[in-house]
Amino acid sequence: MNLLLLEEDDFVAADRALLRGRRLTHLHEVHRAAVGDQLRVGRLDGLMGRAILLRLEAGEAELTIELDQPPPAKLPLTLLLAVPRPKMLKRILQTVAAMGVEHLVLINSFRVEKSFWQTPFLAPEKIREQLILGLEQSRDTHLPHVTVEKRFKPFVEDRLPQLAAGTTALVAHPGPFPPCPRAIEGRVTLAIGPEGGWIPYEVEMLQAAGLTPVQLGERILRVETAVPALLARLF
Ligand code: SAH
């Protein structure tokens, strides 16, 4: 945790907050914080700044807060991601938040196992938990906007063309395609497939919605590696 992220409910006054639970445990066990210590803090969806630890007890900590810095700019990116297996989803959500993705669309695809849709990790509060861990890691306060699209065809036919319009719109797909462009200016829409890859029909549908297939070389990367590799290359 490189930023202590405070939520509305933590504040008892404009410049005072109380901590309990996970973040308090972290202060005790990882930071080994002491009264008088200065900590980096941020307000969820707000500014970042400093806190001074006023009181530290086993069950509660009290902080004075001064917030004056804006969080880093988001990547101008809409990332379409075929739902990965639950364990990988948790990690990818953290990566997506840490890297500053603005909008994440989790979509179904033929090679997404049906059972993945039953996982509790897709519940909004579970998604939020992982995103917050990513923001704390990278020092950001703005949650990515996440939408879940359980039906591939209506999303790709009816909504994706507008989302992709006016952006550099790409689908990552290994094969005889142009290499993924580097250091792009402006907004990007990027689709990354499931562990088994997109099926040809899906690539055709994504192309019809305005996305161009691009590849990263002969090596097939795991989704959790493909995400940071593609983002680092594009931005
Ligand atoms: N066997 C699958 C590989 C899936 S890898 C196939 O051949 O399509 C999971 C996803 O990561 C892919 O759908 C793609 O979006 C991305 N990916 C991984 N390696 C890639 C590469 N070398 N080029 C382009 N995309 C890649």
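Residues are numbered from 1 along each chain as its sequence is written, and side-chain values use heavy atoms, with hydrogens and water left out. Because the model is predicted, local features need a pLDDT of at least 70 and side-chain atom pairs count only at pLDDT 80 or more, while totals for chains, interfaces and linings use all residues.

A polar backbone atom of Leu216 lies 2.9 Å from a nitrogen atom of the ligand, and a polar backbone atom of Leu221 is 3.0 Å from a ligand nitrogen. For His173, a backbone N or O atom is found 3.5 Å from a nitrogen atom of the ligand.

We turn now to the helices, which are DSSP runs of H or I with at least four residues, numbered from the N terminus. Their axes are lines fitted to C-alpha atoms over the stretch in contact, and angles run from 0 to 180 degrees between N-to-C directions. Helix H2 (residues 86–99) packs with helix H6 (residues 223–234) at an angle of about 15°, the axes being 10 Å apart. H2 is therefore roughly parallel to H6, a term for angles under 35 degrees, whereas those over 145 count as roughly antiparallel, 65 to 115 as roughly perpendicular and the rest as oblique. Contact means heavy atoms within 4.5 Å, and here Met88, Arg91, Ile92, Thr95, Val96 and Met99 of H2 make the contact with Val223, Glu224, Val227, Pro228, Leu231 and Ala232 of H6.

H2 also packs with helix H3 (residues 124–138), with the axes 7 Å apart and an angle of about 45°, so H2 is oblique to H3. In this contact, Lys90, Leu93, Gln94, Ala97 and Ala98 of H2 meet Ile127, Gln130, Leu131, Leu133, Gly134, Leu135 and Ser138 of H3.

The remaining pair is helix H4 (residues 152–164) and helix H5 (residues 200–208), whose axes come within 10 Å and cross at roughly 15°; H4 and H5 are therefore roughly parallel to each other. From H4, the residues Phe152, Lys153, Val156, Glu157 and Leu160 take part in the contact, and from H5 the residues Tyr201, Glu202, Met205 and Leu206.

How values were computed:
Helix = DSSP H or I, 4+ residues; strand = E, 2+ residues; numbered from the N terminus. Polar contact = N/O pair within 3.5 Å; in protein donor to acceptor, adjacent residues only side chain to side chain.
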